Amino acid sequence: MTHAPSLRIVFAGTPAVAVPTLDALAAGRHEIVGVVTRADAPLGRKRVLTPSPVGARAAELGLNTIKANRLREAETAEVAALAPDLGVIVAYGGLLRAPMLAAPRLGWINLHFSELPRWRGAAPVQRAVMAGDARTGSAVFQLVEELDAGDVFSLERRVIGADETAGEVLEALARSGARQLASVVDALADGTAVAAPQSGDVTVAAKLTIDDARLPLAEPGDRVYARLRGVTPEPGAFVLVGGERFKIHAARLARGADRLEPGRFGARGGKVYLGTGSHPLELLTVQPAGKKAMAAADWWRGLQSPEAVVAE
C-alpha cells in the first residue's frame, strides 16, 4: 500500500483570518516545519505585549515559530535551513523578496480573498464591499514579486449579501479558503496542480485609512451603506458630530423611511435615522465620543436637544 506524498511546509500569516488555514494544514497529511508571523505587539490600554492570532495558535500547536515584521537575510536563512518543500502565506502583512520566495523547493502559494485580478492588495474584501460589488471570492496563486500577480491554481466565487459587513464576508472566506488552499497543497504534493495566468482588468485594493471610515453622507444612501459595511468592523464607520467622531457600529438602509437632509438625525416609532443623499440609515448601535457603545434609541432618548445634533 502506497502512502500519499507529504510536503514540508512553512506557513506565514498573522491575523485571525489566517488561523483556519493553519488549522487545516495542521490537520492534514503534510508537516508544518515552521510558522512565520509578525512580532508580538502591545495591545489594549495597558499595552500588553501580545502574540498575533497566528502566533498564539502556532504556540498551542507546538510549532516552531519565527516572529519578524520584516523578512531579511537572517529570517530567509532560518526558513531555508528548515528545508521546506512549499511556503504557504495568508495575510502575513509583509513583503517576501526573491531570496525568500526561492527558499522552498516549490516556492510559495498565497490565499487571497478576491476574484483576482480584481482587488489585488491589502484590503480586497473591504474594497469589494465598499464598491458595491455583487460578489467576491478567494484565489490560491503562485506568489511572485509583483503584487498578487502570480498564476492561479484555484478560484472560488461567493455572493456578497446585501447586509453583510466586510468582517462577516472575510470570516466566511477564511473558512472556505482554508479548505480550498489545503486541496491545492494536496494537488501540488500529488503532482496534479495546474495554474493559469490571471485574466481580466486589474484593480488595486489599497489599505484602508481613517479617511475611508468617514461616511460620505451627501452621497446616495446605498453608497453610504456600502461604505459603512466595508469599514465594519475595522477601522469602523464614523461621522463628525460637534467636531468629534461619532461611531456607527451597526446600521441598515431604511428604504421605506421618510427622507432626511444629509447629516440630519431623526426618530420615528422608536427608530433613529440619519439622513443621506437619498434613503436614510437606520442606526442600531452607536458610540458618541468619550462614551461606550449603546443602542441608538438609548442615545437619542438621552439627548437634551436632538434637533441641534447634526452630523458632518
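Trainee: Which residues of helix α1 (residues 19-26) are buried?
Mentor: This is a predicted model, in which local features need pLDDT of at least 70 and side-chain atom pairs count only at pLDDT 80 or more, while totals for chains, interfaces and linings use all residues. Residues are numbered from 1 along each chain as its sequence is written, and side-chain values use heavy atoms, with hydrogens and water left out. Helices (H or I, at least four residues) and strands (E, at least two) are DSSP runs, numbered from the N terminus. With buried taken as under 20% relative accessible area, exposed as over 50% and partly exposed as in between (1.4 Å probe, protein chains only), the buried residues of α1 are Val19, Thr21, Leu22 and Leu25.

Trainee: Within what arc do the buried residues of α1 fall?
Mentor: The arc is that of the directions from the helix axis to the C-beta atoms. The buried residues of α1 line one face of the helix, because seen down its axis they fall within an arc of 160 degrees.

Trainee: Against which elements do the buried residues of α1 pack?
Mentor: Packing rests on contact, meaning heavy atoms within 4.5 Å. By this criterion, the partners of the buried residues of α1 are β1 (8-13), β2 (31-37), α2 (53-60), β6 (86-90), β7 (108-112) and α6 (166-190).

Trainee: Is asparagine 110 buried or exposed?
Mentor: Asparagine 110 belongs to strand β7. Its relative accessible area is 8%, and therefore asparagine 110 is buried.

Trainee: Which backbone oxygen lies 2.9 Å from a polar atom of the side chain of asparagine 110?
Mentor: Beyond four places away in sequence, asparagine 110 touches Ile89, Val90, Ala139, Val140, Phe141, Leu143 and Asp148. A polar contact is a pair of N or O atoms within 3.5 Å, one able to donate a hydrogen and the other to accept it within protein; residues adjacent in sequence count only if both atoms are side-chain atoms. The oxygen at 2.9 Å is that of isoleucine 89.

Trainee: How much space lies in the largest pocket?
Mentor: A pocket is an open set of points on a 1 Å grid over the protein atoms alone, where a 1.4 Å probe fits, with protein on both sides within 12 Å along at least five of seven lines; lining residues have an atom within 4 Å of a point. Points are joined across faces, edges and corners, and volume is the space filled by probe spheres set on them. For the largest pocket, this is about 1600 Å³.

Trainee: Which residues are the closest to the centre of the largest pocket?
Mentor: The elements that give two or more residues to its lining are β6, β7, α5 (124-130) and α6. Of the 40 lining residues, the closest to the centre are Ala91, Tyr92, Gly93, Ala122 and Ala123.
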